[in-house]
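Please have a look at the sequence and the structure as they come up, and then I will walk you through a few places in them.

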Amino acid sequence: MKGAHFLVAFVLLALSSSFAFAFDPSPLQDFCVAINDPKDGVFVNGKFCKDPMLATANDFSFSGLNIPGNTSNQVGSNVTLLNVDKIRGLNTLGISIARIDFAPYGGLNPPHIHPRATEILVVLEGTLYVGFVTSNPNRLITKVLNAGDVFVFPIGLIHFQFNIGNTNAVAIAGLSSQNPGVITIANAVFGSKPPINPDVLAKAFQLDKNVVNYLQKQFWVNNH
């Protein structure tokens with residue numbers, strides 16, 4: 001009798017495990033439209049793979065992350081992202097890295113999200129005020145970081161980094177996707193092409209429509 005109970009429990013566990021692992025793989029781009037003829041394909045969820053026998057050290061390396069990014073833009077920051085497009089060997093490995101440079105007091109990596117990655121950030125130089133906003137009820141979680149401090153930004157949540165020091169600041173970020181993607185909130189809302197109907201934004205942000213029209217005419221900086 002005990003053997004029968006054990007067998008039933010084993011079968012149920014096996015079934016539950018199979019259901020738990022039966023899920024679609026996480027997308028590695030915004031969308032992947034199906035086609036019938038593979039010759040018209042651009043990539044499978046990620047990139048096509050090179051013959052492993054033809055791989056070289058260059059497929060797994062990059063030089064120049066020590067070079068500061070140009071922060072002479074309206075937001076005073078520059079993100080140097082090394083994803084699968086820069087290091088081909090990252091394909092299928094689920095990781096990428098970025099260097100973020102900030103101009104003295106006021107350098108900002110504006111509020112943005114990574115739709116496909118959690119981010120872990122370490123400050124190398126300077127002092128940063130960082131934070132993220134949770135999903136509803138939208139609680140703000142912030143901290144001031146100095147050199148050597150680490151902070152995590154959960155996947156898909158709005159977050160930012162702001163230099164509150166009087167010197168340049170530098171940080172390195174690890175991201176849990178070969179192609180994390182980035183949506184800068186202001187750019188996406190007010191700088192989309194074609195623009196979002198101003199009536200929609202006026203209603204959503206409780207703004208005068210003339211203010212929305214003004215914002216949509218601005219040049220929204222891409223610091224990546």
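Predicted model: local features only at pLDDT ≥ 70, side-chain atom pairs only at ≥ 80, totals over all residues.

Let me begin with a definition: a residue is called buried when its relative accessible area is under 20%, exposed when it is over 50%, and partly exposed in between, with a 1.4 Å probe and only protein chains counted. Helices (H or I, at least four residues) and strands (E, at least two) are DSSP runs, numbered from the N terminus.

Residues are numbered from 1 along each chain as its sequence is written, and side-chain values use heavy atoms, with hydrogens and water left out.

With those words in hand, which residues of H4 are buried? They are Val 212, Leu 215 and Gln 216. Seen down the helix axis, the buried residues of H4 fall within an arc of 95°, so they line one face of the helix; the arc is that of the directions from the helix axis to the C-beta atoms. As background, an α-helix has 3.6 residues a turn, so residues three or four places apart point the same way. On the face of H4 turned away from the buried side we find the exposed residues Asn 210 and Tyr 214. The cover over the buried residues of H4 includes helix H2 (185-190) and H3. At the N-terminal end, H4 is capped by Asp 208, which has a side-chain oxygen 2.7 Å from the backbone nitrogen of Asn 210.

How many salt bridges does a search of the whole structure find? The search finds 5. One of them joins the side chains of Arg 116 and Asp 30, at 3.0 Å from N to O. Arg 116 lies in the loop between strand S3 (108-113) and strand S4 (119-125), and Asp 30 in the loop between helix H1 (2-20) and strand S1 (77-82), so this pair ties together parts that are 86 residues apart in sequence. Arg 116 counts as buried, at 13% relative accessibility, whereas Asp 30 counts as exposed, at 65%. Another salt bridge is formed by Asp 59 with Lys 50, with the closest N and O atoms 3.0 Å apart. Of these two partners, Asp 59 is buried with a relative accessible area of 14%, while Lys 50 counts as partly exposed at 46%.

Now I would like to turn to Gln 161, whose place is in strand S8 (residues 159-163). Is Gln 161 buried or exposed? Gln 161 is buried, with a relative accessible area of 0%. A polar contact, meaning a pair of N or O atoms within 3.5 Å where, within protein, one must be able to donate a hydrogen and the other to accept it, and where residues adjacent in sequence count only if both atoms are side-chain atoms, joins the side chains of Gln 161 and Asn 109 at 2.8 Å. Leaving aside neighbours within four places in sequence, Gln 161 is in contact (heavy atoms within 4.5 Å) with residues including Ile 100, Leu 121 and Phe 153.

Asn 91 sits in the loop between S1 and strand S2 (96-102), and counts as buried at 11% relative accessibility. A polar atom of the Asn 91 side chain lies 3.1 Å from the backbone oxygen of Lys 47.

To finish with the whole chain, the secondary structure comes to 4 helices and 10 strands, and 32% of the 224 residues count as buried.

How values were computed. Salt bridge = Lys/Arg side-chain N within 4 Å of Asp/Glu carboxyl O.
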